[in-house]
Amino acid sequence: MNGTMLITFIQQSIRLSSTLLLGSTGEMITEKSGNLNLGTPGIMAAGAISGIVGAYFYTSSSAAFSPLLSILITLGCCILGSLLTTLIYCFLTITLKTNQNVTGLALTTFGVGLSNFVGSIINQRMGGTGVAAFPEIGKAYRTTLPFADKLGIFGDIFLSYGFMTYLAIVIAVIVAFVIAKTRVGLNLRSVGENPATADAAGINVDRYKYVATCVGGIISGIGGLYYVMDFAAANWQNNILDQFGWLSVALVIFAVWRPNIAILGSIIFGALYVVGPFLLGLSTKDQELLKILPYVVTIVVLVIISMRDKKENQPPESLGLSYFREER
Amino acid sequence: MADVRTKQIREPLIHITKRDDVSFAKSTVIHLIGIAVALLISSLLIVAITGQNPLEIYKAMYEGVIGTPIANSGINKKYMESIHQAAILLCISLAVTPAFKMKFWNIGAEGQVLMGCLTSAYCMLEFGGKVDNSVLLVIMFAASVVVGAVWAIIPSICKAFWNTNETLFTLMMNYVAMTLVSYFIMVKDKSGRSDLGIINERTGYGYLPNLFDRNYIFNILIITVVTVLMFVYLKYSKQGYEISVVGESENTARYIGINVKKVIIRTVAISGAICGLVGFMIVAGDKHSIKSSIVDGQGFTAIMVSWMAKFNPILMIPISALIVFLSVGSKYATSAFRIDNSIGDILTSIVIFSIIACEFFTRYKVNFRKPKGRGKA
Amino acid sequence: MLRLILVFCFEKIIEFWVEFSKQNTTERGKTVETKAAIQLKNITKTFGSVVANKDVCLTVNRGEILSILGENGSGKTTLMNMISGIYFPDSGQIFIGGNEVVIRSPKDAFDYKIGMIHQHFKLVDVFSAAENIILGLKEKGKYDIKQAAKNIKEIADKYGFEIDPNKKIHEMSVSEKQTVEIIKVLYRGADILILDEPTAVLTPQETQKLFAVLRRMRDDGKAIIIITHKLHEVLSLSDRVAVLRKGEYVGTVNTAETNESELTEMMVGKKISLNIERSEPQNPQDRLVVKSLNCVNREGVKVLDDISFTARSGEILGIAGIAGSGQRELLEAIAGLQKLDNGEILYNNPKTGETDNLRDKTPMQIRELGVRLSFVPEDRLGMGLVGNMDIVDNMMLRSYRKGKSVFLQRKGPKDLAEHIIKDLEVVTPDANTPVRRLSGGNVQKVLVGREIAASPTVLMAAYPVRGLDINSSYTIYNLLNSQKKNGVAVIFVGEDLDVLIELCDRILVIGSGSVTGIVDGRTATKEEIGLLMTKSNGGGQNG
């Protein structure tokens, strides 16, 4: 690997990492409230397709194209779409106390199915070429700072990304701070650890779960949008986001439920995922085999955490359980 | 004035209490209402998309499931295909059930089935023509079952010894399996199309034979047997009893001298073995091909089927039939409109949402502010 | 129309005035308030078809300690949970400082300055004491855990607690956790404190300390409610006693004007003697000889420290000790559920005359040796029985392996279930009812019945009367006594020292995992045992 390739490799890794980081930051907030949301892949897909829907309507309107407006519209649609999808999960698991695993899986089926369905309709309306593409919007999302390319290697490695990459890191840092250092974070953690205690302490458990899961869902959804708009340059493709959704869920474990570790973890995952073509001399099939690595690494981390059995590194204690105050 | 009144009320607007067990009849009614609501939403959705008369839609869905023979197959009736699909979903649901009953959240059925498929396909390519076809089928069968079991045993060992979270572990194993299949295809495929097409198309090595001139009969027979065996195993066998005890309380299991680790590993192995068997049936009895999306999410759907049926093998029959028929029917009904196949997934999830939501009403009672006479639950 | 508006305005004004006066009273403190801190009127609560509280009326004044006395299952905790917002009453009224209030959630309860210390502590294990204490508070200003720790220290000093605000809950002893719970409600400015069975997990010495703190709080003007079923505590601590029986309010008496037998009568309804029959052991033989058991648990704590004793046939051996001193590990070790670091458990088989070492054998292997060992564990529905299974299937737990068939035989267990239901008068619709639907006493009858049906030579029972009403408790005592007469070596782990002294022939006292003494049940006194319980040979955390 020569220098140029190395830089491209780093750029690619970081680009992909943003999707994973947003996805897993969202899932972390959700899990901190005691909800294991296996619907994350579905939410990411739904968020992404909502953005695409926004893009379709914006570009097919007669208004003059404005990059900023296109970003605002797609982002707004994405937030709305992922929020609505997450609300299905919230209503079922929190209000109706259904099983979280089953609900989450059903939500993934739903979200991925919906995104494929809507995607194919938009594709058809746009002429049925197989891809729904919005190159102008992709360009808007990938706009870098004007002086980024004048700063040599530093600029290439640190400043060559669209705004969402930085947004992802900022969100992760903020979430890490809120969880560890604020009253809200303390309350949130107590809801995930021991909802009965939180309830007795005067915390509205259901409200915390709703808000955390919805905020988490929106952040994950933005992760999906990032992938489509920035990484894939506003090209919609069916069935692409669920694997990144599951990788995001995996990243939560890898980062032992800490968003700041997830920043590094997402870059490692991103690197493992894109490294194939950069390893010269590797055949295509071996590159394919390399894609196993993020999953295997996660499994290893999972097993090690459980073997060491340290109290600080465990999942929230009531993760996956519904809470009912009058349970006897 | 209403404002003042609300301030003075003494009960919250809605107050939820747990109820004693509901009768079977009541729970059935609740679930039927749930399914009816789901079907209504589904058909409204299709109507909204296609703009057709709902009755026409239902007719088309019925056609799609039972329907007329497919154009150029001659032998196959469409309903056989529908039944077969439902049977495959049923079988995966049966596979995950013993583990679930033990509260082992095996969501790796997708990967376990896929590994079964991979093994069968490998055997077809490797031994096809070298041994007698019946011997080949036996090898495929045995190898798939073993590989499926091994794929499930790995997380179960970690669960038994270190209490590793099996939900996340088995989830990851799915993707490892998918990647392995992609890799396998690339290794075996010399054409560079990344697609093996139909394996042994000319020779038919490793194909399950047709019975009574029909495809799928072999698979359906196997699945019938598995259903009956699973029902008996869970309800009447000592091992089935042990599974229930471990699932209800590991402490009780230890207390009466059950080797919990052994039961966990054994049960999950059975789960994985049946998944492997399904993989064999998909490849040898239906698709005669391999690709990483061959299981098509049925491993996940099966988890929901098993849960909705409350782990009762008999109840799983109508539920898997409902889901498959709805999905097949909706695809057929919308096919004229060039709509993406994923409409089936959307409808499936709507049905699942409604059925699991029903559970709330069987477990809890909703009390509104002014109860008009408090009936006993 | 105009009239409506007028009425509306009028009601608004009244409402405002009520709110205003409520604030006023809390601001001006004791002087203008009525004496009653909290009043309950006709409170009723049902769970499904079970009536937990029926028309309960109660008053607690400021600056007094009120005991709520009642047997287990008499609805004390349910009642208090309604004041603290955990449950919502089906009907009835609650008044605080004279105003009717609605308590819909624990949050509401805090706003009315009510704080409850639950029997099962409501603490987050991975949080520190300070984090637990400020949990859920909406204090103004920055989130500052250090400042909180300082405030906590202040409260602790005021009432004489010892606490380390930065210690994690999972590293704490039971009494430390209780301290955190109490400070938690004080930190929230609670004026009305409810303590649910606070002494159940404490040593007599820790109990005295707690009582001193409670008295100090009373003198500070707080209203304190303490739930208990221990008469002597009621008499020594409280100003007044309210008695509940089977969910109904029986009455309130001044402690100074009552005595133990009057309270007992109020509690159980009729005068009964507290005497438990105790026969002389017949022909005792050494059945189980335990020699220097040692065990270190997963956290690295030495839970069993060189324990040795002998259990004899035809005798009841009591085991006394503070909760969590190693009783559970000891019984589980004998039953083959606990790995030991060293020691021997020798069983003298009365049939063959041989001696077997049971150490490190699984429950299966123990049974295969022909050792008839029955065990009634502390956790009935979590260990002894499966709550979701019916009585028949629970009977099978012990016997399902019998025979070579791979299938279950349900005939025998069904007969046994019906037999037990009839003999022990288990109240249940039928043998196919899930045991979790039975009441505590009936659950225990099913469990003890099954364990005795195996005609054991050794019977171990851990807290077998916990949570049972008096009649059920006596059924259990009688069953143990009849086993003793049949020549069974009975090991009885108890928490009520009065019962241990009345029932057992010998009492083994353990403290911090080691034997601190063996006394004769016929001559020992409670004080003597209490002292032994807190004595520690190993210098453990309770020392």
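I looked up the pair E131(C) and R189(A) first: their side chains form a salt bridge at 4.0 Å, N to O (a side-chain nitrogen of Lys or Arg within 4 Å of a carboxyl oxygen of Asp or Glu). The count between chain C and chain A is one salt bridge. I note that this is a predicted model, where local features need pLDDT of at least 70, side-chain atom pairs count only at pLDDT 80 or more, and totals for chains, interfaces and linings use all residues. Residues are numbered from 1 along each chain as its sequence is written, chains are lettered from A and ligands numbered from 1 in the order in which they are written, and side-chain values use heavy atoms, leaving out hydrogens and water.

Next I took the interface. I found 33 residues of chain C in contact with 23 residues of chain A (heavy atoms within 4.5 Å).

I then searched the whole structure, which gave 34 salt bridges over all chains. One of them pairs E332(C) with R254(B), closest N and O atoms 3.9 Å apart. E332(C) sits in helix α10 (residues 327–335) of chain C and R254(B) in helix α10 (residues 250–255) of chain B, so the pair joins two chains (helices are DSSP runs of H or I, at least four residues; strands are runs of E, at least two, numbered from the N terminus). E332(C) is buried at 6% relative accessibility, while R254(B) is partly exposed at 31% (buried is under 20% relative accessible area, exposed over 50%, partly exposed in between, with a 1.4 Å probe and protein chains only).

Last, I checked E315(C) and R506(C), whose salt bridge spans 2.8 Å, N to O.
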